[in-house]
Amino acid sequence: MVDQNSNYALQTSEVYVHYGKKMAINNVALNFPKNEVTSLIGPSGCGKSTFLRCLNRMNDVIDICNVKGKFLLNGNVDIYSPDIQVETLREKVGMVFQKPNPFPKTIYDNVAYGPKIHGIASSQNELDEIVKDSLHRAGLYEEVKDRMDDIATGLSGGQQQRLCIARAIAIRPEIILMDEPCSALDPIATAKIEDLINELKENYTIIIVTHSMSQASRVSSKTAFFHLGNLVEYGETGKIFTKPDKEQTNDYITGRFG
Amino acid sequence: MLYLSLVFVFILSYSFYFYGKKRALSLKFKKNENLSSLPDYYGYYVVLLVFFPAIIIWFFLLIFKSNFQEMFVMSPVLFPDVATWSSGKFGLIMNKISNLSMIVNLSEIDLTVGDKSILKMASESEIIAAKNLANFDKIYGWSNLTLFIILPVLLGFLATKSISGKLNAQPIVEKIISYVIKGSSYIAIFITFGIFFSLVFEAINFFRYVNFMDFFFNTAWNPNRAFVINASEGFDQEALKEAFGFVPLLTGTLLIASVAMLVAVPLGLLTAIYLAEYASSKVRDIAKPIIEILAGIPTVVYGFFAALSLAPFIKDVGEGVGLPVSAESALAAGLAMGVMIIPFVSSLSDDVIKAVPQSLREGSYAIGATKSETIKKVILPAALAGIMGSFLLAISRAIGETMIVVMAASLRANLTFNPLEPATTITTQIVTSLIGDVEFDNPKTLVAFALGLTLFVMTLILNIAAITIVKKYREKYE
Amino acid sequence: MSSLEKRLAAEKRFKFYGMFAMTLSLFFVLILMYKIFSTGSGAFVRTTINADVYFDPNFIEVSSNSSKKEIMKASYVDLADQVINQNHPGLDEENFIKVREMYTRKFDYQLRDYIVNNPNVIGKTVNLDISASSDLDQIVKGNYPRNVPEAQRKINDYQLSILDSLDSKGKMSKTFNFWFFTNGDSRDPETAGILGALMGSFYALLICFSFAFPIGLLASVYLEEFVKPGKITDIIEVNINNLAAVPSIVYGLLGLGMLIGVFGMPYQVPLVGGLVLGFMTLPTIIIASRASLRGVPPSIREGALAVGATKMQTVFHHVIPLSLPGTLTGTIIGMAQALGETAPLLLVGMVAFVMEIPGGAFDPATGLPSQIYLWSESAERGFLEKTSAGIMLLLSFLIIMNTVAVLVRRKLEVKW
């Protein structure tokens, strides 16, 4: 039974995903505790990104992708229910992608876009505040405060990714999904993003897909190991990395495959 | 006036955006209602509800202006028995009225005195109708303008009134826009239907006068023989049989197109090979755009060039070596057309040759083949399908080309395969039969549509074949 | 070893063929341009004859107090004859006609236009450059040979002697022919201008753009962004590719058969011409716009969707603005093609003799290319020049439009 007053931001069970006839996720159940960072790890093609994209229904965009399962937001909102508007869901569940994808607009407009379309700010001043605040939280404000009207694609890769995080924060989500957010970045930019994730977990539930096990151990408190569409093991990050229950997990962690 | 009213439609729709948004904002802040959508969307909502009905009515009034004019002038009030008139009589009277309308409003002409014969011959109601006709533009314009001030304002206020906090404007706006987008893409289909039906419809009319077999298999083309003997008997059936024979047009078209292809295929293909395989990038960057200029030059320019310089030049050269060459020889038109098609062949073949994978070239070089051997033995065979596709498209272009042959080829049909003799083409005859008097009840006009339909079918087959071949070819190397 | 030599010789030969073909193609461009420019440049210059014009009140029906309308309406034929008599004293009737032929037939209009602009001139003598007739113009420009028997000349011996005496007095001169840019068509080559045709083409292109651009853009958005690939899109796809290859004359038949025949739209007007050109341009725009939409990376769409934008917002806020430069480039290129299209204009009647400059899309008009065709069919040598000059103008517009298209692409297109 699902606990209505749980401390889980998101609960999933019996999740199956098919691409056409090919099965991508096979009966996965995972719960994500509030204000904690959960890592999804596993070899490429294991279904971790697919699973992540189910959580804000980004898979809806792909025609052949068929998602089944129970997804409960805050213990009571079924995110695949027909009454739920996918746009409202994505307002609550933000996402940051593998490659930074700022809009080729100004830095300001990038952050302001979400609040604008959701009508979050009722005045220009309020909007300015939201933009400033979001950039602050993303640790980018000091670097860009003098060039808010520059085109965002002129920023460095790490800055772009932090801008995308600011863009996701600006609509005040409860959960932020991150799909290998550092895979296109250099080590210094990666370190900055990791610090940022540590700060953000105060206010947000973060689910991060990563192929870097060291990153998972640095940023997350819970870790889930996926293999061939199955959830192999889930638990405290420390435990998964030191004495996993399953041999498969151990093999992956110790670098025997993947 | 019609344009002015269009401007009004735009301005009024635009201003209703602000009005709708203002209304939504006042609901939110003054009455503390919760809005289901962003205030902007209430603005868009009003704009769409004003703009689309108005613009559709505007187009309707634009397109059917002449029908309204006819209704207005030929009103049953003036001509009680108008419904019983034959279309011939209707046309005659309409013609008379439009002639009258040019003079009735000249203040210098006093309608009551003098012997202005045309006025004397006209009945009272015809003169009134003529006056109406003369004033029609003004009346139509003003009523249009009035309509397009009142209508948008009315629609705008109604739409704005329907705004409430509960009304979720965003999905409605998105729904309307999605219909508009969908409708736009269906217009492409409607155009094809339009082409097909307007050709088929008039071609069927043509075949009511002329036997199908006579048209496609007779070798004599003398459309001027299709005259009316007298009103009761209609067309001279014997003459009609001999008037519209399609065969010499087809041979002329094919003759000129062949000359064109003989020029364009070797030059275009060799140019493409040179540019793709031999030329340095510098030469390529300069030569390619210049050759593509040839494709951008309007065909009327080629026609002028062919008629002015090429034809006399060929005639002189021919006479110099003792060959009788016509001033309107198929050769001149074909050469000009060939030059026009060179870039067409070269740029299509260039794409095709470049699509051949580099590994094939390297394989050939690795066994010691020279560049030309590689091209001849490996690249061209690999690219053959694509190149054939581009040839087919070029042939289709040549067959459908109009201005060059209208200006440089002959108007007289001539069943010949000698390029030094004059020849005529399908397109030339379409233009000739439609310049001047257009009468939709005369086979001389209608034959253009039968020719057009034949041309359309011929090019359609070539195009579909070419597009399919090229598509298959692309898929092979992707 | 001789076999290798043979092969290398074949290699050289083959390369030479390729170079030869390319050079020949380039040569065609040059010769075409040379021919057009050498025949057309004369049209920008007009021969004039200097004459003292006494605006004799006895021969003018109006006074300096007359309204502009009255001045426009009055006849100045007698005044023109009087001017000729004054400048060539002692002509008998036969010679008078010969001399009159040396001046433009529109002599009286030229005088009228002068009075309209300077009403106070009546009763005074002014020194004016009067336009020569086209035949004289051609002799002066050297386009007609002088040393052929009189019977083969348009200008007879007497006229030549007058010409030479005028020339020796320094009365013959050449001026820039601004009439070519400000007049409508005319039966007389010296007064024929291109403005009417230019405006006709302008209105037609305006209609063409307002039809084809919005519909082409929205149709491509539907096909690329909204519809799932299937039967209907396949049909539309094949359809559009075919429409792009249908001969332009068939579009003309569509205009004549459907717009004029069925909808009863008027003949000879830019509205119909423009719509037909719009039908023709639509596939070009759709194809260019779809390619441009496909160039917008999916990550932009995902980014917008991930912050909760609807499909429609994603497309209208992000995808369309980013694809617009490509669409615009395609549109301008399509419009340039439409500007050069002649055959459809011929069929919808935009090829008549129209003197007035059209004031809108409902006025009878010709287009730039159809005017070129009309002039090329005229027998007078003077129109040959005009035809080439018209072509020069048309080509310059095409070059400008294509340059703008390239610039739009270079300056505005977002690189990924």
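The questions and answers below concern a predicted model and look at how its chains meet.

Me: How many residues of chain C are in contact with chain B, and what area do the two chains bury between them?
Reply: In this predicted model, 86 residues of chain B are in contact with 81 residues of chain C. Carbon and sulfur atoms account for 78% of the area buried between chain B and chain C.

Me: Which residue of chain B forms a salt bridge with Arg7(C)?
Reply: Between chain B and chain C the count is 1 salt bridge, beside 10 residue pairs in polar contact with both residues at pLDDT 80 or more. In the salt bridge of Arg7(C), the closest N and O atoms are 2.7 Å apart, and the partner in chain B is Glu373(B).

Me: Which helix gives the largest share of the side of chain B that touches chain C?
Reply: That side of chain B divides into 56 nonpolar, 23 polar and 7 charged residues. The largest share, 19 residues, comes from a helix of chain B that covers residues 169–209, and this helix is α7.

Me: Which residue of chain A meets Glu302(C) in a salt bridge?
Reply: Where chain C and chain A come together, 18 residues of chain C are in contact with 21 residues of chain A, and the buried area is about 1,600 Å². The interface has 1 salt bridge, in which the N to O distance is 2.9 Å, and the partner of Glu302(C) is Arg53(A).

Me: Why does the distance between the end C-alpha atoms of helix α18 of chain B agree with its number of residues, and what is that distance?
Reply: The N-terminal end of α18(B) is capped by Asn442(B), which has a side-chain oxygen 2.8 Å from the backbone nitrogen of Lys444(B). Helix α18 of chain B has 34 residues, 443–476, and at 1.5 Å a residue they should span 50 Å. The two values agree because the end C-alpha atoms are apart by 49 Å.

Note on methods. Residues are numbered from 1 along each chain as its sequence is written. Chains are lettered from A and ligands numbered from 1 in the order in which they are written. This is a predicted model: local features need pLDDT of at least 70, side-chain atom pairs count only at pLDDT 80 or more; totals for chains, interfaces and linings use all residues. Side-chain values use heavy atoms; hydrogens and water are left out. Contact means heavy atoms within 4.5 Å. Buried area is the accessible area (1.4 Å probe) that two parts lose on being put together, summed over both. A salt bridge is a side-chain nitrogen of Lys or Arg within 4 Å of a carboxyl oxygen of Asp or Glu. A polar contact is a pair of N or O atoms within 3.5 Å; within protein, one must be able to donate a hydrogen and the other to accept it, and residues adjacent in sequence count only if both atoms are side-chain atoms. Helices (H or I, at least four residues) and strands (E, at least two) are DSSP runs, numbered from the N terminus. Ala, Val, Leu, Ile, Met, Phe, Trp, Tyr, Cys and Pro count as nonpolar, Asp, Glu, Lys and Arg as charged, and the others, Gly among them, as polar. The expected span of a helix is 1.5 Å times one less than its number of residues.
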